[in-house]
Amino acid sequence: ILLANKILFDLDLKIQRIDKEILFKTIENSIKYKITIYDSLYVTLAQIYGTFLITADKELYKIPNTFPLEKIWDISYYCVVSELSFSGQFWYGKSCE
């Protein structure tokens, strides 16, 4: 438990308040991709911050900038990931450059 807490603190996760821009884009993505507002919020944050979203949710694989969790080891074939951080069931990482 101590190690898990240390790893979480070392990730330097940020808290993002939902503002009008994020809310409108979240609703837009929810309608566009036919996904829940909850899932759409993660998709929207990844888009706004120019990152990819690593997820185990197969419903989200159809959305640009998402990456299947089971293929995480294949990322090295596409780009070098310099940062990954975990948030709930999703991993966020820097976009491929």
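Me: Hi! Which helix is Ser 30 found in?
Reply: Ser 30 sits in helix H2. One thing to keep in mind is that this is a predicted model.

Me: Got it. And is Ser 30 buried or exposed?
Reply: Ser 30 counts as buried, because its relative accessibility is 12% and buried means under 20%.

Me: What is Ser 30 in contact with, apart from its close neighbours in sequence?
Reply: If you set aside neighbours within four places in sequence, Ser 30 is in contact with Ile 35, Thr 36, Ile 37 and Ser 40.

Me: Which other residues of H2 are buried?
Reply: Along with Ser 30, the buried residues in H2 are Ile 22, Thr 26, Asn 29 and Tyr 33. They cover an arc of only 100° around the axis, so they lie on the same side of H2.

Me: Why would residues spaced like that point the same way?
Reply: An α-helix has 3.6 residues a turn, so residues three or four places apart point the same way.

Me: Nice. What's on the face turned away from the buried side of H2?
Reply: That face of H2 carries the exposed residues Lys 20, Glu 21, Phe 24, Ile 31 and Lys 32.

Me: And what covers the buried residues of H2?
Reply: The cover includes helix H3.

Me: How do H2 and H3 pack, then?
Reply: H2 (residues 20-33) and H3 (residues 37-48) pack at an angle of about 115°, and their axes are 8 Å apart. H2 passes H3 in a right-handed crossing.

Me: Which residues make that contact?
Reply: From H2 there are Glu 21, Ile 22, Lys 25, Thr 26, Ile 27, Asn 29, Ser 30 and Tyr 33. From H3 there are Ile 37, Ser 40, Leu 41, Val 43, Thr 44, Leu 45, Gln 47 and Ile 48. The residues of this contact divide into eight nonpolar, six polar and two charged.

Me: Which residues of H3 are buried?
Reply: In H3, the buried ones are Asp 39, Ser 40, Tyr 42, Val 43, Thr 44, Leu 45 and Ala 46.

Me: Quick check on lengths: what span should H2 have, and what does it have?
Reply: H2 has 14 residues, so at 1.5 Å a residue it should span 20 Å, and its end C-alpha atoms are 20 Å apart, which agrees. For H3, the 12 residues should span 16 Å, and its end C-alpha atoms are 16 Å apart, which agrees too.

Me: Changing topic: what's the phi of Lys 34?
Reply: Phi of Lys 34 is near 55°, a positive value in a residue other than glycine. Most residues other than glycine have a negative phi.

Me: Where is Lys 34, and is it buried or exposed?
Reply: Lys 34 is in the loop between H2 and H3. Lys 34 counts as exposed because its relative accessibility is 68%, and exposed means over 50%.

Me: What about the phi of Asn 65?
Reply: Phi of Asn 65 is near 70°, again positive in a residue other than glycine. Asn 65 lies in the loop between strand S1 (51-55) and strand S2 (66-68). With a relative accessible area of 44%, Asn 65 is partly exposed.

Me: What happens just after H3?
Reply: There, Gly 50 takes a positive phi of about 65°.

Me: Last one, zooming out: how many helices and strands does the protein have?
Reply: The protein has four helices and four strands. Starting at the N terminus, the elements run α-α-α-β-β-α-β-β. Of its 97 residues, 31% count as buried.

Key:
Residues are numbered from 1 along each chain as its sequence is written. This is a predicted model: local features need pLDDT of at least 70, side-chain atom pairs count only at pLDDT 80 or more; totals for chains, interfaces and linings use all residues. Side-chain values use heavy atoms; hydrogens and water are left out. Axes are lines fitted to C-alpha atoms, for helices over the stretch in contact, and angles run from 0 to 180 degrees between N-to-C directions. Helices (H or I, at least four residues) and strands (E, at least two) are DSSP runs, numbered from the N terminus. A crossing is left-handed if the near helix is turned anticlockwise from the far one by less than a right angle, and right-handed if clockwise. Contact means heavy atoms within 4.5 Å. Ala, Val, Leu, Ile, Met, Phe, Trp, Tyr, Cys and Pro count as nonpolar, Asp, Glu, Lys and Arg as charged, and the others, Gly among them, as polar. The expected span of a helix is 1.5 Å times one less than its number of residues. Buried means under 20% relative accessible area, exposed over 50%, partly exposed in between (1.4 Å probe, protein chains only). The arc is that of the directions from the helix axis to the C-beta atoms.
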